Amino acid sequence: MFKFKSYNGLAEIQRDTTNEEKNRWFLEIDNMEALKEEPMSAYDPNLQSITYVLYSNTATRKRKIYSYSDVAQSYYANVNVEVDKKVEKKISSLLKTSKALDSSDKEQQLRTLEQYIKTNFVYQSFSHPDLGNLAFILENKMASKLGLIRLYVACLKKLDIDYNLVLTTNRFETKFDKEFESYSFLSDELIYLPKLKKYLAPTAVFSRLEYIPFAYTNNYGLFIKPVTVGEYNSAVGKIKMIKPLG
């Protein structure tokens with residue numbers, strides 16, 4: 001069984017009740033008016049559109065096949081990779097070289113660290129196993145999106161700075177719908193520092209702590225908070241507003 005949702009005045013999709021052999025859904029539109037493009041407006045999010053998710057399987061009786069709860073746990077596990085002593089030593093060396101440890105103020109530590117990473121490590125927009133491997137990243141100073149986030153998280157843990165991982169969208173491309181769980185709303189990554197109440201955009205080279213690209217603000221996101229129960233580490237997800245700067 002699927003779940004559907006229409007946007008911007010598009011009619012709701014219909015189920016074909018006459019076809020007993022197949023699970024068929026359809027939408028018939030006689031005419032769709034063009035949307036006028038306007039400078040500085042969000043064109044794509046205002047187009048009539050439809051999103052859908054595979055929700056349940058009647059044969060296995062499994063419901064909510066895809067959920068943000070699963071995403072929170074799997075994404076957290078994928079970012080928080082275990083490192084050996086050699087990599088841990090290199091992380092400590094990076095923090096020392098960056099001069100992040102020269103201050104006892106957590107915000108200043110983070111600002112110094114971000115400046116160092118964004119001026120010394122190359123962000124590669126394509127994906128490759130090596131570019132997500134911390135040992136390779138620290139040696140060659142280049143990383144993919146996943147690799148950079150792993151690097152920041154490893155440093156934050158070493159600096160003992162609390163963080164939330166945030167999955168969201170560019171609101172000029174897709175508006176995050178907080179009422180409908182779909183992986184299509186989890187396309188971009190941020191890091192939120194709850195004690196500082198500020199955001200960091202790992203792959204936005206020209207942005208810095210607090211001053212993230214405005215396309216990610218005034219929008220919702222899935223905040224993934226690390227949780228430790230005994231010796232078990234996991235995460236919980238909650239949808240929250242990414243407030244814009246004043």
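First, the ground rules. The model is predicted: local features need pLDDT of at least 70, side-chain atom pairs count only at pLDDT 80 or more, and totals for chains, interfaces and linings use all residues. Residues are numbered from 1 along each chain as its sequence is written, and side-chain values use heavy atoms, leaving out hydrogens and water.

Let's start with rings. A pair of aromatic rings is described by the distance of the centres and the angle of the planes. Here, rings of Phe, Tyr and Trp (its six-membered ring) pair if their centres lie within 6.5 Å; planes under 30 degrees apart are stacked, over 60 edge-to-face, and the rest tilted. How many aromatic pairs does a search of the whole structure find? Eleven.

Take Phe4 and Tyr52. Their centres are 6.0 Å apart and their planes sit at 35°, so this pair is tilted. Phe4 is in strand S1 (residues 2-7) and Tyr52 in strand S4 (residues 49-54), so the pair ties together parts 48 residues apart in sequence. Strands are DSSP runs of E, at least two residues; helices are runs of H or I, at least four; both are numbered from the N terminus.

Buried or exposed? On our scale, buried is under 20% relative accessible area, exposed is over 50%, and partly exposed is in between (1.4 Å probe, protein chains only). Phe4 is partly exposed at 22%. Tyr52 is exposed at 52%.

Next pair: Tyr68 and Phe176. This one is tilted too, with 6.4 Å between centres and 45° between planes. Tyr68 belongs to helix H1 (residues 68-79). Phe176 sits in the loop between strand S9 (164-168) and strand S10 (188-193), 108 residues away. Both residues are buried.

Back to Tyr52. Together with Phe2, Phe4 and Trp25, Tyr52 forms one aromatic cluster.

Now charges over rings. The test is NZ of Lys or CZ of Arg within 6 Å of the ring centre and within 35 degrees of the ring normal. Lys3 lies over the face of Tyr55, 4.3 Å from the ring centre. Lys240 lies over the face of Phe223, at 5.5 Å.

Last stop: Asp16. Where is Asp16? In the loop between strand S2 (14-15) and strand S3 (25-26). Asp16 is buried, at 13% relative accessible area. Its side chain has a polar contact of 2.5 Å with that of Thr18. Another, of 2.8 Å, joins the side chains of Asp16 and Arg24. A polar contact means N or O atoms within 3.5 Å; within protein, one must be able to donate a hydrogen and the other to accept it, and residues adjacent in sequence count only if both atoms are side-chain atoms.
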